Amino acid sequence: MRFAVIQFPGSNCDVDLLHAIKDGTGEEAEYVPHTADSLDGFDGVLLPGGFSYGDYLRSGAISRFSNVMSEVKRFAEDGKPVFGTCNGFQILVEAGLLPGALQRNKQLHFICKPTELKVANNTTRFTSEYAKDEQLTIPIAHGEGNYYCDDETLKELETNNQIVFTYASENPNGSVADIAGIINKKGNVLGMMPHPERAVEDLLGSSDGLRFFQSMVKNFAKETADV
Amino acid sequence: MYNVKVYVTYKESILDPQGEAVRGAVHRMGYDEIDAIRMGKYFEIKVQERDERSVEDVIETVCDKLLANVVMETYRYEIEKVKETV
């Protein structure tokens, strides 16, 4: 499986994502600049964390209009897997690929620490290697990770089983329904505030994030074998 | 030429933690009569359009797509006709 790691001006978790794919799963990954016109030849797109365009206006608001994003949208519409972590999640909601919005953390602080996550849905192509309700230790690092959506959207997320990760013990940022990560209806675009790419080896404190990327790889292999 | 002032703020239903923090500071200054503070963003935009109607169209599109995130924010604007600056 060949992954594109998109680099926006101000991305800073791109190296971690490349490392998670190459050294964690043993698959291929390449950096793709925000100016790129094509995602041909890639099987998955990863949007990294960071502070793209300095978080000017709102996190992700400017990146959404960068050149490569129309290709990312098309890639998503084709049903191919797109994953955004942290700032990548913010970009996905700003681009309308995922519902809701990410607000300033309830207590205004930037929070950087390991959190306990619960796998609320293990039937996605991103989480099939986890058990349902399994608890994971994955770090967060954000100032604007307070997920917000209106009641109607929340109901829809719940009905369609689109809430994939929730904060298990304490809610660090005030997000609606303890939401840490969601998936689109079609099941191919996932965004989350925590950083699974920073938890792919025990030496770093946790390897719970590795199975996230392994799920993507396994499900891709399954799909291509079926064709 | 038109000069447009755009104000973007959180919707009433959304907690504004920055506004709350500023309100806390104002109370520590002793101004207890200040009940609420909502913080927002302010833009000054110059638009070259023939008539006010077209300016409204442009501004609303830009606000909906970029300046405000309509999931959690709302906006209002004021349009003012100004002389062409050469």
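This is a predicted model: local features need pLDDT of at least 70, side-chain atom pairs count only at pLDDT 80 or more; totals for chains, interfaces and linings use all residues.
Begin by selecting the strands of chain A, where 9 of them form an open sheet in the order β2-β1-β3-β4-β11-β10-β9-β6-β7, with mixed pairing. At its edges you will find β2 (28–33) and β7 (135–142) of chain A, each of which pairs on one side only. Going from one strand to the next, the twist averages 25°.

**Stop two: strand β11 of chain A.**

Next, bring in β4(A), which runs parallel to β11(A) and is joined to it by 4 bridges; here A:F83 stands opposite A:L190. Which way do the residues of β11(A) point, and are they buried or exposed? A:V189 and A:G191 point one way and A:L190 and A:M192 the other way, and all of these are buried.

**Stop three: a helix across the sheet of chain A.** Select residues 68–77 of chain A to show helix α2, which lies across β1 (2–7), β2, β3 (44–47), β4 (82–85) and β11 of chain A, and which runs at about 125° to β4(A).

**Stop four: the sheet of chain B.** Turn now to chain B, where an open sheet of 3 strands has the order β2-β1-β3, with antiparallel pairing. The edge strands in this case are β2 and β3 of chain B, each pairing on one side only, and the twist averages 20° from one strand to the next. Between β1(B) and β3(B) there are 9 bridges in the antiparallel sense, and if you select B:Y2 you will find B:K81 of β3(B) opposite.

**Stop five: helix α2 of chain B.** Select residues 52–67 of chain B, a helix of 16 residues whose end C-alpha atoms are only 20 Å apart, short of the 22 Å that a straight helix would reach at 1.5 Å a residue. Relative to the sheet, α2(B) lies across β1, β2 and β3 of chain B and runs at about 35° to β1(B).

Colour B:V55, B:I59, B:C63 and B:L67, which are the buried residues of this helix. They lie on the same side of α2(B), because they cover an arc of only 60° around the axis. An α-helix has 3.6 residues a turn, so residues three or four places apart point the same way. The buried residues of α2(B) pack against β1 (2–10), β2 (40–47) and β3 (73–81) of chain B, whereas B:R53, B:D57, B:E60, B:T61 and B:D64, on the other side of the helix, are exposed.

**Stop six: where the chains touch.** Finally, show both chains together, where 8 residues of chain B are in contact with 11 residues of chain A. Which helix gives the most to the side of chain B that touches chain A? Helix α1 (residues 17–28) of chain B does, with 3 residues. The residues of that side of chain B divide into 6 nonpolar, 2 polar and no charged.

While helix α1 of chain B is selected, pick out B:A25, which is found in it. B:A25 is exposed, because 10 other C-beta atoms lie within 10 Å. From B:A25 to B:E80 the C-alpha to C-alpha separation is 35 Å in space, and the two residues are 55 residues apart in sequence.

Conventions
Residues are numbered from 1 along each chain as its sequence is written. Chains are lettered from A and ligands numbered from 1 in the order in which they are written. Helices (H or I, at least four residues) and strands (E, at least two) are DSSP runs, numbered from the N terminus. The expected span of a helix is 1.5 Å times one less than its number of residues. A residue is buried if 20 or more other C-beta atoms lie within 10 Å of its own, exposed if 12 or fewer, and partly exposed in between; C-beta atoms are placed from the backbone. The arc is that of the directions from the helix axis to the C-beta atoms. Two residues are in contact if their C-beta atoms, placed from the backbone, lie within 7 Å. Ala, Val, Leu, Ile, Met, Phe, Trp, Tyr, Cys and Pro count as nonpolar, Asp, Glu, Lys and Arg as charged, and the others, Gly among them, as polar. Two strands pair if DSSP finds at least two bridges between them. Axes are lines fitted to C-alpha atoms, for helices over the stretch in contact, and angles run from 0 to 180 degrees between N-to-C directions.
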